[in-house]
Amino acid sequence: MVRRFPRQAAAARLHLSQPAVSAQLARLRDLFGDPLLLPAPRGMRPTAKAEQLLAPLQASLRQVRETLMTHQDFDPAEAEMTLQLACTDYTQAVAAIPLITRLREVAPGMRVAVRNLEAARLRRQMESGEVDLALISPDSAPSGLHAHPLFEDRYVLISRPGHPAWRQGATLES
């Protein structure tokens, strides 16, 4: 049996990484000016402030769940909305343009606003609603955001037959 530490177990339940859970907990601690959770013999125990926040937060989550459940009949053909999409020039050509073309067919009321991807600002842009989705390479994606691989890409080198680079062995560095 693998022994999990409290934040690892919480991260697994939330489908997030342990560092993402730690970062969110640090934000909540700053926001409420309280440690919220303290080490205990068996995991963590809530502080008095955390206990005080429990009932209102549960009520809010219940209301969010109810709202989501009553609006599950999303029909893209009837949707009237703008999707804020951040991407690079490359991902715009490879993925965004085909997406927009398809959306015009199945969701004529949806508009897509394409923004230049700024990886350093992406988390803040998503939290503020300035960006809804981003097409980004996995190595530059900010941790803690939900990510789903769309495709894998691979580069090839093309030259004329007999090019001198091939005799020397072409590498990424050269």
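**Salt bridges and pockets, by the cut-offs**

Tutor: Glu118 and Arg121 form a salt bridge, with their closest N and O atoms 3.3 Å apart. Keep in mind that this is a predicted model, where local features need pLDDT of at least 70 and side-chain atom pairs count only at pLDDT 80 or more, while totals for chains, interfaces and linings use all residues. Residues are numbered from 1 along each chain as its sequence is written, and side-chain values use heavy atoms, with hydrogens and water left out.

Student: Why is the contact of Glu118 with Arg121 called a salt bridge?

Tutor: The rule asks for a side-chain nitrogen of Lys or Arg within 4 Å of a carboxyl oxygen of Asp or Glu. Glu118 and Arg121 have their closest N and O atoms 3.3 Å apart, so the pair qualifies.

Student: What makes Arg121 and Glu130 a salt bridge?

Tutor: Same rule: their N to O distance is 3.8 Å, which is within 4 Å, so they count. Arg115, Glu118, Arg121 and Glu130 are linked in a network of salt bridges. By this rule the count comes to five salt bridges.

Student: Why is Glu130 called partly exposed?

Tutor: Buried means under 20% relative accessible area, exposed over 50%, and partly exposed in between (1.4 Å probe, protein chains only). Glu130 has 27%, so it counts as partly exposed. Glu118, at 33%, is partly exposed as well, and so is Arg121, at 31%.

Student: And Arg102 with Glu105, which element do they lie in?

Tutor: Both lie in helix 4, three residues apart, about one turn of the helix. A helix here is a DSSP run (H or I, at least four residues), a strand is one too (E, at least two), and both are numbered from the N terminus. Arg102 and Glu105 meet in a salt bridge at 2.9 Å, N to O. Glu105 has 55% relative accessibility, so it counts as exposed, whereas Arg102 has 47% and therefore counts as partly exposed.

Student: How many residues of the lining of the largest pocket are nonpolar?

Tutor: There are 20 nonpolar residues, with four polar and five charged. Ala, Val, Leu, Ile, Met, Phe, Trp, Tyr, Cys and Pro count as nonpolar, Asp, Glu, Lys and Arg as charged, and the others, Gly among them, as polar.

Student: Which helix gives the largest share of that lining?

Tutor: Helix 3, with seven residues.
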